[in-house]
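Please prepare a briefing on the structure shown below, grouped by topic, with attention to its aromatic contacts, its ligand site and its backbone geometry.

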Amino acid sequence: MIPYKTIIKLDKDTKQALYLQVANQFIELIKKGMIAPKTKLPSSRLLAETLQVHRRTIVAAYDELILQGWVETIPKKGTFVHRDLPILKQKALGSLSKGVHKERIGFSFNKEPGIDFPVFDKKENFLYINDGTPDARLAPLPEIAKIYRRIAAKKRSIPYATYHSTYGNPELRQALAQYLNQTRGLRCTKDNVMITRGSQMGIYLLSQLLLQEKEYIIVGETNYIAANITFLNRGAQLLRIPVDHNGIVTEAVEELCKKHPVKAIFVTPHHHHPTTVTLSAERRLHLLNLSQTYGFAIIEDDYDYDFNYSHAPILPLASHDKNGNVIYIGSVCKAVAPVYRIGYLVAPKPFVDECAKLRRFIDRQGDSLLEYAFAYFIKEGGMERHLKKTLKIYKKRRDLFCTLLKTELKDYFNFEIPKGGMAIWAVLNAKYKWEDLVVLAEKHELEIGNWQRYDSAKIGHNGIRFGFAAYNEEEIHEVIHRLKQSCLGLL
Ligand SMILES: Cc1ncc(COP(=O)(O)O)c(C=O)c1O
């Protein structure tokens with residue numbers, strides 16, 4: 001006889017009803033194999049007496065167990081654990097309760113060789129060197145939340161609360177088409193715009209549609225690693241071209257096009273990722289001409305268009321594209337905050353249509369109500385106000401970071417003051433090694449992270465990006481201080 005009195009523990013102070021507590025504990029006992037299939041349960045009167053509860057509680061608990069299929073009643077005989085329950089192996093369940101199941105895998109699966117970024121658990125008191133991320137503390141979260149609340153209360157929002165288009169919220173597509181035309185000289189309509197969950201989704205979708213196994217895509221020798229990985233994941237072959245003070249060397253594009261059937265080129269012309277240089281006007285025109293001559297797509301990732309400190313932003317390649325060669329991608333993740341997974345892909349309509357179809361395999365739709373809120377955020381001028389405010393702050397932060405880097409660490413780093421964006425391209429003096437500095441920095445509670453990602457072509461440039469935008473002034477002083485302390489340990 002199972003000692004139910006000691007095994008089943010009831011807590012009258014919790015919100016969970018007593019009958020559910022009884023039922024759930026029976027389920028646990030059955031799952032653990034402590035009560036085998038076909039075992040007779042005590043009568044409701046007996047168990048009620050044993051557990052000192054009302055009989056109705058036990059009747060309700062048994063009803064719940066019957067409903068869930070754990071037990072069955074056999075007329076004139078009583079209540080039994082269901083005879084057809086599979087016997088679960090007790091060993092596995094035992095270890096499960098101790099929490100060691102995280103390492104155990106009961107099935108095989110494919111590992112993704114291309115994605116090998118370590119995920120850092122944030123360590124207390126540590127400061128983190130980042131790639132150029134915005135300061136989420138400046139994001140207008142309350143304003144966006146207010147808009148969201150306001151529109152969610154409106155009847156006309158209801159259609160966006162159900163299954164909707166894979167193109168994204170139509171109001172945001174419309175608002176973005178207008179916004180991009182006005183601020184970036186694009187000449188697009190809503191039909192050319194698809195809303196994605198950040199730029200990365202755009203890069204993934206277009207790589208699936210543009211590239212087949214072994215087909216060629218051109219990228220800079222230094223390039224945004226996540227884009228490289230996405231193209232390699234597709235099975236494409238990367239053709240790498242040099243990058244100098246004027247951006248990617250377009251003569252090298254021409255040379256490659258003469259030798260290979262190139263399908264696409266990935267560029268970040270406004271501020272090359274990672275080196276931050278701007279693609280010169282001459283090379284922009286050259287690249288556009290080459291794309292027409294050789295019929296390849298230009299993937300223009302305009303990840304930090306809004307942040308330019310010395311002059312007005314340079315219009316994107318997409319604004320000069322007359323032949324339909326440019327696929328333009330961007331997002332609000334850098335402009336506002338990465339938590340808002342809202343990006344856009346702007347391209348000729350037939351391509352957008354295919355992207356919208358393909359998206360369905362991985363994401364039925366975006367967050368349509370949030371997208372709707374962003375349509376209002378843009379239309380009501382919230383986006384422009386936010387950008388104006390942050391541009392000023394980030395400029396100050398850039399100036400401070402660069403001044404300190406120059407005065408405190410000139411023997412260690414070479415860099416140019418970036419004209420825009422959120423990061424400095426800092427090249428460590430060739431006599432030092434990043435792997436040594438990373439270890440030293442760790443001791444000073446400074447996490448440099450995966451510095452190798454900036455040199456996937458292994459050219460040994462010794463540079464990484466120092467994001468400056470996410471720190472306030474005090475933090476910038478502290479980052480430089482810790483960096484200096486770390487550098488002093490270098491041999
Ligand atoms: C060059 C570049 N492109 C795209 C992205 C991805 O941005 P999102 O957060 O919009 O996916 C980043 C993010 O760091 C980036 O640096």
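The structure, which is a predicted model, holds 17 aromatic pairs. In one of them the rings of Phe307 and Tyr394 have centres 5.3 Å apart and planes at 50°, so this pair is classed as tilted. Because Phe307 lies in the loop between strand S10 (297–301) and strand S11 (326–331) while Tyr394 lies in helix H15 (residues 382–408), the pair ties together parts that are 87 residues apart in sequence.

**Aromatic pairs and cluster**

- Phe307 and Tyr394, the two partners of the tilted pair, are both buried.
- Tyr372 and Tyr376 form an aromatic pair of the edge-to-face kind, with 5.4 Å from centre to centre and 65° between the planes.
- One aromatic cluster is formed by Phe401, Phe413, Trp434 and Phe466.

**Lysines over aromatic rings**

- The charged end of Lys123 sits over the ring of Phe126, at 4.5 Å from the ring centre.
- Lys406 lies over the face of Phe415, with 5.8 Å to the centre of the ring.

**Ligand site**

- The residues around the ligand are Asp131, Gly198, Ser199, Gln200, Tyr224, His273, Asp301, Tyr303, Ser331, Cys333, Lys334 and Arg341.
- Sorted by class, this shell has three nonpolar, five polar and four charged residues.
- In the side chain of Asp301, an N or O atom is 2.5 Å from a nitrogen atom of the ligand.
- A polar side-chain atom of Ser331 lies 2.7 Å from an oxygen atom of the ligand, and for Lys334 a polar side-chain atom likewise lies 2.7 Å from an oxygen atom of the ligand.
- Taken alone, the ligand exposes 400 Å², and the protein buries 89% of that area.
- Helix H8 (199–210) and helix H12 (332–335) are the elements that give two or more residues to the shell around the ligand.

**Backbone geometry**

- Most residues other than glycine have a negative phi, and most peptide bonds are trans.
- The peptide bond from His273 to Pro274 is cis, with omega near 15°, and His273 is also among the residues around the ligand.
- Pro274 is found in the loop between strand S9 (262–267) and helix H11 (281–294).
- Lys38, although it is not a glycine, has a positive phi of about 75°; this lysine is found in the loop between helix H2 (18–31) and helix H3 (44–51).
- With a relative accessibility of 59%, Lys38 counts as exposed, because the value is over 50%.
- Lys214, another residue other than glycine, has a positive phi near 70°, and its place is in the loop between H8 and strand S5 (216–220).
- Lys214 has a relative accessibility of 57% and so counts as exposed.

**Separations along the chain and in space**

- Glu251, which lies in helix H10 (residues 250–259), counts as partly exposed at 43% relative accessibility.
- Between the C-alpha atoms of Glu251 and Ala153, which are 98 residues apart along the chain, the separation is 56 Å.
- Lys12 lies in the loop between helix H1 (4–7) and H2, and at 60% relative accessibility this lysine counts as exposed.
- From Lys12 to Leu428 the distance in space is 65 Å, C-alpha to C-alpha, for two residues that are 416 residues apart in sequence.

Terms used. Residues are numbered from 1 along each chain as its sequence is written. This is a predicted model: local features need pLDDT of at least 70, side-chain atom pairs count only at pLDDT 80 or more; totals for chains, interfaces and linings use all residues. Side-chain values use heavy atoms; hydrogens and water are left out. A residue is near a molecule or strand if one of its heavy atoms lies within 4 Å of it. A polar contact is a pair of N or O atoms within 3.5 Å; within protein, one must be able to donate a hydrogen and the other to accept it, and residues adjacent in sequence count only if both atoms are side-chain atoms. Accessible areas come from the Shrake-Rupley method with a 1.4 Å probe; for residues, only the protein chains shown count as cover. Helices (H or I, at least four residues) and strands (E, at least two) are DSSP runs, numbered from the N terminus. Ala, Val, Leu, Ile, Met, Phe, Trp, Tyr, Cys and Pro count as nonpolar, Asp, Glu, Lys and Arg as charged, and the others, Gly among them, as polar. Rings of Phe, Tyr and Trp (its six-membered ring) pair if their centres lie within 6.5 Å; planes under 30 degrees apart count as stacked, over 60 as edge-to-face and the rest as tilted. Buried means under 20% relative accessible area, exposed over 50%, partly exposed in between (1.4 Å probe, protein chains only). A charge sits over a ring if NZ of Lys or CZ of Arg is within 6 Å of the ring centre and within 35 degrees of the ring normal.
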